[in-house]
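User: I am new to this structure and would like to know what the terms used for it rest on. Please set each value against its definition.

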Amino acid sequence: MVRAVVFDMGGVLTVDPFQACRNYADELRLPVNAFVEQLRGPVFAEVETGDRSMRDFLKFACCDVAERFGVQVDIHRLAECLAAGQQVRPEMVALVIDLTDGGVPVGLLTNNAKEARSWWNSGVLPIGRCTAVVDSSDVGLRKPDPGIYTVLAQRMGRSPGELLYFDDMAENVAGAAAAGLVAELFTDPDGCRRSCVSHGLLADAANGQTGRRAEL
């Protein structure tokens, strides 16, 4: 029985973190996913495990594009594109509030840069309502490494099978499922809320059912 919910951050609690980078790549007449491939590659993975700084990555990204495509990238513009992904989805904040108001523990599992902590701890996200926050750059592990899901379950104080996990990356969903979590691919806030209702974690506003929150 699912007893707690865990959310990814980028692309779930926030908007698509890659869209501004795709727009900039298109503006530079680069392959649309040129920067996305860098952000999902081994160099940025070192940023997400705390082994490389964001500034080092930005320098790498600019040099890499210049060498491969002969195009100059404005490092400040690229940094702004990454920051553009830090736009919070208000519907997801409302979902977190509704879940925790109903007594459902909520956690956060994110592959992230250590430089981002000051942003998501600034009050833009309801971090204070989270039972646990597992940040890859803090624990030195990143999704879909099985170890990070073990850390998550331990910090949530639940068995993996009691955790309903939402992520917008299929490989992270597969990794979570392999680790025993009830993992679902995030598509949109409404679908996420409906899933929480179907698992009995929220009341169904449409028919007045109260789910099984009292059993948690």
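User: What makes strand 2 and strand 3 a pair, and in which sense do they pair?

Analyst: Two strands pair if DSSP finds at least two bridges between them. Strand 2 and strand 3 (residues 132–135) have 4 bridges, in the parallel sense, so they meet the definition. Helices (H or I, at least four residues) and strands (E, at least two) are DSSP runs, numbered from the N terminus. This is a predicted model: local features need pLDDT of at least 70, side-chain atom pairs count only at pLDDT 80 or more, and totals for chains, interfaces and linings use all residues. Residues are numbered from 1 along each chain as its sequence is written, and side-chain values use heavy atoms, with hydrogens and water left out.

User: How many bridges pair strand 1 with strand 2?

Analyst: Strand 1 (residues 4–7) pairs with strand 2 over 3 bridges, in the parallel sense. Phenylalanine 7 has leucine 108 of strand 2 as its bridge partner.

User: What is the order of the strands in the sheet?

Analyst: The sheet is open, has 5 strands with parallel pairing, and runs in the order 3-2-1-4-5. Strand 3 and strand 5 (182–185) each have a single partner strand, so one side of each is left without a neighbour in the sheet.

User: Why is strand 2 called largely enclosed?

Analyst: Buried means under 20% relative accessible area, exposed over 50%, and partly exposed in between (1.4 Å probe, protein chains only). In strand 2 (residues 106–110), 5 of the 5 residues are buried, so the strand is largely enclosed by the rest of the structure. Val106, Leu108 and Thr110 are buried on one side, and Gly107 and Leu109 on the other.

User: How do you know whether arginine 29 is buried or exposed?

Analyst: Arginine 29 has a relative accessible area of 79%, and the limit for exposed is over 50%, so arginine 29 is exposed. This residue sits in the loop between helix 2 (19–27) and helix 3 (34–39). Its phi is positive, about 60°, although arginine 29 is not a glycine.

User: What covers the buried residues of helix 10?

Analyst: Contact means heavy atoms within 4.5 Å. The cover of the buried residues of helix 10 includes strand 1, strand 2, strand 3, helix 9, strand 4 (163–167) and helix 11 (170–178). Among the buried residues of helix 10 are Ile148, Leu152 and Met156.

User: Where is proline 144, and which residue does a cis peptide bond join to it?

Analyst: Proline 144 lies in the loop between helix 9 (136–139) and helix 10 (146–156). The cis peptide bond joins it to lysine 143, with omega about 10°.
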